[in-house]
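Hello,

I am handing over the structure we talked about.

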Amino acid sequence: MKEIVIVVHGLWMTGIDMLLLRRRLRRCGYEVVQFTYPTMRNSIDANAACLHEFTRTCDQDATIHFIGHSLGGLVILRLFRDFPERPGRIVLLGTPCAGSYVARRLTQYLGRWLFGQSLEQGLLSDTHRWNGGRALGVIAGNLSFGGGMIVRGLPRPNDGTVAVQETYLSGMTEHITLPVSHTGLLFSTTVARQVCAFLKTGRFSTEHF
């Protein structure tokens, strides 16, 4: 059966940042497509609905996998809360499933304009859950380097933007932490190989890459 991977970018991004990851996933044998959405203008609900419509443009006989970076992972979680989807697997990369400390603090300092409509249902919410309907793996980073370093008090370990403890999700299949930063999750060879391993088997690899 044909297998398609839909990749979903994070806040303030357009998908260009996921170019290298897309190339590596193609080398693993997958057809890869990028979902691009207005991260600030639309709510999480609205973007999940757009993602649902996007999946309907894909081959209807294909298995659909999802990869979400940061906010993109929250859009994927909302998609599966609200819409039935075809079989496949999911990997979240640095997604603040328990809410974002950095977003909360920056909102206090600078106001809500910085994050737009992504706040209420997404970055400030700690109610994200997974129903276990398909295999879902989470990859977190613990290399503390990134924009979140300007905010004091971000719990350690963290990837410079999201704390490892914020990436845990009730009902997830598996969780691993790798020595990469928040942005580095998209460029790491090891992360890409672990993503491919999970898509193929529903488990992360125990091999050292």
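A search of the whole structure, which is a predicted model, turns up 1 disulfide. It joins Cys28 to Cys196, with the sulfurs 2.1 Å apart. The link of Cys28 and Cys196 is right-handed, at 100 degrees about the S-S bond. The pair ties together distant parts of the chain, 168 residues apart. Cys28 lies in the loop between H1 and strand S2 (31–35), and Cys196 in helix H6 (residues 189–201). Cys28 is partly exposed, at 24% relative accessible area. Cys196 is buried, at 5%.

What about Cys50? Cys50 is in no disulfide. Its nearest cysteine sulfur, that of Cys58, is 14 Å away. That is too far for a bond, since a disulfide needs the sulfurs within 2.5 Å. Cys50 is partly exposed, with a relative accessible area of 37%. Cys58 is buried, at 10%.

Trp12 sits in the loop between strand S1 (3–8) and helix H1 (19–27). Trp12 is partly exposed, at 45% relative accessible area. Ser70 is in the loop between strand S3 (63–69) and helix H3 (71–82). Ser70 is buried, at 10%.

Pro157 is in the loop between strand S5 (136–141) and strand S6 (174–178).

Best wishes

Definitions and conventions: Residues are numbered from 1 along each chain as its sequence is written. This is a predicted model: local features need pLDDT of at least 70, side-chain atom pairs count only at pLDDT 80 or more; totals for chains, interfaces and linings use all residues. Side-chain values use heavy atoms; hydrogens and water are left out. Helices (H or I, at least four residues) and strands (E, at least two) are DSSP runs, numbered from the N terminus. Buried means under 20% relative accessible area, exposed over 50%, partly exposed in between (1.4 Å probe, protein chains only).
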